[in-house]
Amino acid sequence: MRTVLSSLLGILLLTITTVSCTDGDFSENSFEADFCVVKGQGSWMFLLTDGGSLLYPTESLDTSISPGDRFVVTYVSLSKSEYSSDQQGYTVRVVNLQPVLVKDVNLSTDDVPVAANDLVWVVNSPFFGGGYLNFEFKYMYSDLSIKHGIYLMQDSIRNRSIYLRFTHEANGDAAISTASALASFPLSSISGMADADSLVIQSRGGSQSSPRTITYSIALADTLQ
């Protein structure tokens, strides 16, 4: 997960350089990034990172944000929080919140668009964190008004391995520009975890002229780390 967060932080820093120059004298090394879930309610909302830290923003979160929402938060840690005696509670200045799509895993028998076979490029490898299987990925689009679909399909369990497909439905959108996005699937929505040793995940990548199936194998023992 460290590699994934490093790549995300590199991208995010490009978009927040102006903010850091105007809102405070912070160096690049002062920025941190973590996957997190929003906790609390009303004007009293804070962030629980996948690593177990509690982050208390110096300013209230946007009113459009709700408890249970998932983000990658980029922030500057200011001090140990006065709201928590736990050493993992910090007061932070939130610089950016990048939304993370959260969806349950679908069984292959579920009603999912049969055309969900458009190219999608997984960055690095899927990874565990916060009780989720997380993906950083890229896809092609043209029209921002066209809604794309992302699915994780569970096909079968063979030889103590659970087989999954990470799929993309472009909904007829043209492949012109590249977008980056994040998705998290609750481990609780994957059937047969107690009887399996690994996940085998396939996605359709490659190029438009020469698509190919890309396979990732992840040991379930990694969920304990």
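View A. Two strands are taken as paired where DSSP finds at least two bridges between them; strands (E, at least two residues) and helices (H or I, at least four) are DSSP runs, numbered from the N terminus. The model is predicted, so local features need pLDDT of at least 70 and side-chain atom pairs count only at pLDDT 80 or more, while totals for chains, interfaces and linings use all residues. Residues are numbered from 1 along each chain as its sequence is written, and side-chain values use heavy atoms, without hydrogens or water. The open sheet shown here is formed by 5 strands in the order β7-β11-β12-β14-β15, with mixed pairing. At its edges stand β7 (106-107) and β15, each of which pairs on one side only. Within this sheet, β11 (residues 149-158) and β12 (residues 161-169) are antiparallel partners, joined over 9 bridges. Tyr151 has Thr167 of β12 as its bridge partner.

View B. Arg160 lies in the loop between β11 and β12. Its phi is positive, about 65 degrees, although the residue is not a glycine. Arg160 is partly exposed because its relative accessibility is 43%, which falls between the limits for buried (under 20% relative accessible area) and exposed (over 50%), computed with a 1.4 Å probe on protein chains only. Asn171, which belongs to the loop between β12 and β13, is likewise not a glycine and has a positive phi of about 55 degrees. With 46% relative accessibility, Asn171 also counts as partly exposed.

View C. Strands β2 (residues 44-49) and β3 (residues 54-57) are antiparallel and share 2 bridges. Leu47 is bridged to Leu55 in β3. The hairpin has 4 residues between its strands, and Gly52 in this hairpin adopts a positive phi near 95 degrees. Strand β3 also pairs with β5 (residues 89-99), here in the parallel sense and through 4 bridges. Opposite Tyr56 stands Thr91 of β5.

**View D. Val72, a buried residue of β4.** Strand β4 (residues 70-80) contains Val72. Val72 counts as buried because its relative accessible area is 0%. Thr49 is 23 residues from Val72 along the chain, and 8.9 Å separates their C-alpha atoms.

**View E. Gln208 in the loop between β14 and β15.** Gln208 occupies the loop that connects β14 (198-206) with β15 (211-219). A relative accessible area of 54% is the reason why Gln208 counts as exposed. Between Gln208 and Asp118 the C-alpha separation is 9.3 Å, although the two are 90 residues apart in sequence.

View F. A pocket is an open set of points on a 1 Å grid over the protein atoms alone where a 1.4 Å probe fits, with protein on both sides within 12 Å along at least five of seven lines; lining residues have an atom within 4 Å of a point. Of its 19 lining residues, Leu101, Tyr139, His148, Ile150 and Ala181 lie nearest the centre. Two or more lining residues come from each of β10 (132-141), β11 and β13 (177-186). Strand β13 supplies the largest share of the lining, with 4 residues. The lining comprises 11 nonpolar, 4 polar and 4 charged residues, where Ala, Val, Leu, Ile, Met, Phe, Trp, Tyr, Cys and Pro count as nonpolar, Asp, Glu, Lys and Arg as charged, and the others, Gly among them, as polar.

**View G. Confidence along the chain, with residues 11-28 in focus.** The pLDDT, the predictor's confidence in each residue from 0 to 100, averages 85 over the protein, and 80% of the residues score at least 70. Over residues 11-28 the pLDDT is below 50, and this stretch has 18 contacts in the model beyond near neighbours in sequence. Where pLDDT is low, the predicted coordinates should not be read in detail. For orientation, the protein has 1 helix and 15 strands. Of its 225 residues, 43% are buried. Among contacts between residues at least 6 apart in sequence, 64% join residues at least 24 apart.

How values were computed
Contact means heavy atoms within 4.5 Å.
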